[in-house]
Amino acid sequence: MATRKMAFIGVNMLNGFTRPVLLVRGLVCMILGVLLIALPLGTLEILMQILGIVLVINGIGGFFADVDNLQVKSPAGWLYPILTVILGVFAFFAPLALGLGVFWVIAAWFLVSGLTQAGLLFLPYAGSSKLLMGMSAIINIILGLLFISHPFSGLAAMVWLAGVFLSAGGLLTIIIGCCLKVVRIQD
């Protein structure tokens, strides 16, 4: 009896999952995606608090990472766990501030990327890549300026976009789970 198999190039994240696992995973992704779309800032706040808890646990674990080696940690070795715990506490108690901080970094990245691409337009080369680079520069600069001028709306838009991707990915995972008993990736 032939088994149904799926072949993906370079994708091995679904290998060996059974139908119930895929259905539950897809359902969880869809629920999270719908929550991100319906309540973007509230859901972001909860997710950042969960991230804060994970960071604190990770940082505390970092204090005990070299116990087996019986070596005294250097001051630089203590820096990672301490900063991780501080970031986790900050994420738990000020989740929107941390989300907004990450958003400001993304907005600055759009601006710097756009301005760099605009500067590269003045280099002496020709071709269609110049047109594409110019269009990319304009889009990046516009997005950067929009994000800086409307930070909460931009943050909500990014969360909505993540919600759309999660919902679509969850739906596709459910479809895969309904179609196959076990997903096996061909080598």
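Predicted model: local features only at pLDDT ≥ 70, side-chain atom pairs only at ≥ 80, totals over all residues.
Which residues of H2 are buried? The views below answer this and more.

View 1. Residues are numbered from 1 along each chain as its sequence is written, and side-chain values use heavy atoms, with hydrogens and water left out. Helices (H or I, at least four residues) are DSSP runs, numbered from the N terminus. The buried residues of H2 are Pro40, Thr43, Leu44, Met48, Gly52, Leu55, Gly59 and Gly62. Buried means under 20% relative accessible area, exposed over 50%, and partly exposed in between (1.4 Å probe, protein chains only). The cover over these H2 residues includes H1, H3 (75-93), H4 (95-120) and H6. Contact means heavy atoms within 4.5 Å.

**View 2. The length of helix H2.** H2 has 24 residues, which should span 34 Å at 1.5 Å a residue. The expected span is 1.5 Å times one less than the number of residues. The end C-alpha atoms of H2 are 35 Å apart, which agrees.

**View 3. Helix H2 crosses helix H6.** The axes of H2 (residues 40-63) and H6 (residues 151-179) come within 9 Å and cross at roughly 75°. Axes are lines fitted to C-alpha atoms over the stretch in contact, and angles run from 0 to 180 degrees between N-to-C directions. H2 and H6 are therefore roughly perpendicular to each other (65 to 115 degrees). Pro40, Leu41 and Leu44 of H2 meet Phe152, Leu155, Ala156, Val159 and Trp160 of H6. By class, this contact has eight nonpolar, no polar and no charged residues. Ala, Val, Leu, Ile, Met, Phe, Trp, Tyr, Cys and Pro count as nonpolar, Asp, Glu, Lys and Arg as charged, and the others, Gly among them, as polar.

**View 4. Val34 and Leu166.** Val34 sits in helix H1 (residues 19-38). Val34 is partly exposed, at 48% relative accessible area. Val34 and Leu166 are 132 residues apart in sequence, yet 8.3 Å apart in space, C-alpha to C-alpha.

**View 5. Aromatic pairs.** The structure holds four aromatic pairs. Rings of Phe, Tyr and Trp (its six-membered ring) pair if their centres lie within 6.5 Å; planes under 30 degrees apart count as stacked, over 60 as edge-to-face and the rest as tilted. Phe92 and Phe93 have ring centres 5.0 Å apart and planes at 90°, so the pair is edge-to-face. Phe93 is exposed, at 66%.

Terms used. Helix = DSSP H or I, 4+ residues; strand = E, 2+ residues; numbered from the N terminus. Parallel < 35°, antiparallel > 145°, perpendicular 65-115°, else oblique.
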